[in-house]
Amino acid sequence: MKGLVFCEFLEMVEKEFGYETVDHIIENTNLPSNGVYTSVGTYSHEEMFALVGQLSAKTNIPVSKLFYAYGEYVFGVFGNAYKELILGYENAFDFLCRVEDTIHVQVLKLYPEAELPRIEVKNRSDEFLELVYTSKRKMSDFAEGLIQGCMKYFNENASISKEFLSEDQSQVLFTIKK
Ligand code: HEM
């Protein structure tokens, strides 16, 4: 997982909980990187799970909620940092339908080592969109937060529901209803 994802995570923790919490979770987690991330470096996604687990222990907020909140937050960051990838889309559904074949393809050009999920479009109408998330990293809570962040970015309201298609949670169906 790219360092920028870690840097933005620690930035969010600092904004929400303060620098002491950042320090606490880094000091109390066994991290091969020692908690030193550069945005272009690559680190195991397990470090992210370890950091989020430690933050959960410290704040009593469930891991799933923290991943969701981080997804929502980071879409806003991407919205600024990768404006050119989002400009040109008129609405959230148009954008979400192009994550797999356009957005993440561009991401891979920028960061060839990026490990990305599959985001397949199953069904789409003006009112609802069904997306299937597949990834062995099992970060569907993060995906849900990114979807929510995307709806917000485009100033649209929708409810997002989630159904696990595999027991290990590596495949998840999202239904997004306006
Ligand atoms: C401008 C928009 C977006 C950009 C620039 C972007 C970029 C990225 C980057 C850099 C990573 C980390 C890869 C790595 O570190 O190895 C990532 C991972 C991920 N992206 Fe996107 N992304 C965008 C939109 C989305 C959206 C809308 C979704 C959800 C539908 C999504 C779902 C995910 C998930 C769930 C991961 C975590 C890895 C995994 O689950 O396997 N992304 N993305």
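This is a predicted model: local features need pLDDT of at least 70, side-chain atom pairs count only at pLDDT 80 or more; totals for chains, interfaces and linings use all residues.
1. Local features need pLDDT of at least 70 and side-chain atom pairs pLDDT 80 or more, while totals for chains, interfaces and linings use all residues. Residues are numbered from 1 along each chain as its sequence is written, and side-chain values use heavy atoms, without hydrogens and water.

2. An unreviewed UniProt entry lists residues 2-161 as "domain: Heme NO-binding"; such annotations may be inferred rather than shown by experiment. Over residues 2-161 the chain is 58% helix and 11% strand (DSSP runs: H or I of at least four residues, E of at least two).

3. Start with the iron atom of the ligand: its only protein donor is H104, through NE2 at 2.1 Å (donors are N, O and S atoms within 2.8 Å of the metal, or 3.2 Å for Na, K and Ca; water is not among the atoms, so sites may look incomplete). H104 belongs to helix α7, residues 99-110.

4. Of the 25 residues around the ligand, those coming nearest include H104, E115 and Y133 (near means a heavy atom within 4 Å). By class, this shell has 20 nonpolar, two polar and three charged residues (Ala, Val, Leu, Ile, Met, Phe, Trp, Tyr, Cys and Pro count as nonpolar, Asp, Glu, Lys and Arg as charged, the others as polar).

5. Look next at the polar contacts (N or O pairs within 3.5 Å). A polar side-chain atom of R137 is 2.8 Å from a ligand oxygen atom, and a polar backbone atom of K2 is 2.4 Å from an oxygen atom of the ligand.

Methods:
A polar contact is a pair of N or O atoms within 3.5 Å; within protein, one must be able to donate a hydrogen and the other to accept it, and residues adjacent in sequence count only if both atoms are side-chain atoms.
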